[in-house]
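Here is a friendly walk through one protein model, from a single loop residue to the cores and a helix. Keep the structure open beside the text as you read.

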Amino acid sequence: MKKSIKFINIALVFVLFVCSFTILSACGDKDNAPDKCPCYTFVSKEEVYRFTDETNIMNLPNGIVYGLLNNKESGIIIRPDGTITVKIILRDIKSLLELANIDLSTILNDVDLDDFVDLYVSGLFPGFSFDNVKDSLALLPKSTGIGLVGLDFESENIKKLVKALETKPRSIPKDFIVPEGLGIEYNGKYFIKNVTSADGTVMKGVFIGDNHSSDTDPYVIMTMYEQAKKDGSIMQMIKTRIEFVQISMFAEKEA
């Protein structure tokens, strides 16, 4: 039962992490664009940021979290047309499950996936159902801008998984292999605006989405800043904080 609770906790963190990019970000209204207001800006050319080993999730050791990321595929891309892509691609999910001491093939013995969806998922992602896994996942990019990447529905491994999830009692095959490169990708809009912290520090904030009023308090906090390297050179950074699930992600701009 303890492993089931741990599974639910990790699943909830994942759901909150995903939905935070679209429903909890502090954003301006649809007029928040450089041609509408000069206080909002975009980058002048495409910028790519890669996550660093400072990245921390739920106070796990930084090196462990960084080691789970495929950093060549993960990162933040911001463009001069006002669009942003955030990709979180895991390099080795098997290690993550071992770290949490979770055996997927047995964990669902104590978890009712339909109840989990009703309680935690359906309100955030209407229409999601394990009765039709592929179509439910296809809804996410259209409704939220977020999608799962790395799932090959033509592979026998995923076909067996889908069949097991769509058949009651729902389960995960004992021989299921978590595919490498599995992750999430968010595509949406952004704008940059200077913000002032409580102590008077002026920071460059990156706001994502366009569905919220400008007076919304941000749960997802993205800031751009400069940081000195040991050799004295300056690197451009983006820090993303999701405070209510204790996530801090640091990304360095590629040269």
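## A buried threonine in a loop

Let's begin with Thr 55, which counts as buried because its relative accessibility is 0%, and the cut-off for buried is under 20%. Keep in mind that this is a predicted model. Thr 55 sits in the loop between E1 and strand E2 (56-57). Its side chain reaches the backbone nitrogen of Phe 250 at 3.3 Å.

## Strand E4 and its two partners

Next, turn to E4. Five of the seven residues of this strand are buried, so E4 is largely enclosed by the rest of the structure. E3 and E4 make a hairpin with four residues between them, and in the turn Gly 82 has a positive phi of about 85 degrees. Within this pairing, Ile 78 has Ile 84 of E4 as its bridge partner.

E4 also pairs with E6, again in the antiparallel sense, over seven bridges. Here the bridge partner of Val 86 is Tyr 186 in E6.

## Thr 85, a polar residue inside E4

Is Thr 85 buried or exposed? With a relative accessible area of 3%, Thr 85 is buried, and the strand that holds it is E4. The Thr 85 side chain makes a polar contact with the side chain of Asn 187, at 2.5 Å.

Beyond its neighbours within four places in sequence, Thr 85 is in contact with Gly 75, Ile 76, Ile 77 and Arg 79, and also with Glu 185, Tyr 186 and Asn 187.

## The nonpolar cores

In soluble globular proteins, nonpolar side chains tend to be buried together. Which residues touch the most other members of the largest nonpolar core? Of its 23 residues, they are Ile 76, Ile 78, Ile 84 and Tyr 190. Several strands give two or more residues to this core, among them E1 (47-51), E3 (75-78), E4 (83-89) and E6 (183-196). The top contributor is E6, with four residues.

Tyr 190 is worth a click in your viewer. Leaving aside neighbours within four places in sequence, its contacts include Phe 42, Val 43, Ile 78, Pro 80, Ile 84, Val 206, Phe 207 and Ile 208. There is also a second, separate core of 17 residues, which includes Leu 140, Ile 158, Leu 161 and Leu 165.

## Helix H6 and what follows

Now for a helix. H6 has twelve residues (133-144), which at 1.5 Å a residue should span 16 Å; the C-alpha atoms at its ends are 17 Å apart, which agrees. Which residues of H6 are buried? They are Val 133, Ser 136, Leu 137, Leu 140 and Thr 144. These residues cover an arc of only 100 degrees around the axis, so they lie on the same side of H6. An α-helix has 3.6 residues a turn, so residues three or four places apart point the same way.

After H6 comes Gly 145, with a positive phi near 85 degrees. Ile 146 belongs to strand E5 (residues 146-149) and counts as buried, since its relative accessibility is 3%. The C-alpha atoms of Ile 146 and Glu 185 are 5.5 Å apart, although 39 residues separate them along the chain.

Conventions: Residues numbered from 1 in each chain as written. Predicted model: local features only at pLDDT ≥ 70, side-chain atom pairs only at ≥ 80, totals over all residues. Heavy atoms only, no water. Expected span 1.5 Å × (residues − 1). Buried < 20%, exposed > 50% of the residue type's maximum accessible area, 1.4 Å probe, protein only. Arc of directions from axis to C-beta. Core = buried A, V, L, I, M, F, W, Y, C linked by side-chain atoms within 4.5 Å. Contact = heavy atoms within 4.5 Å. Polar contact = N/O pair within 3.5 Å; in protein donor to acceptor, adjacent residues only side chain to side chain. Pairing = 2+ DSSP bridges.
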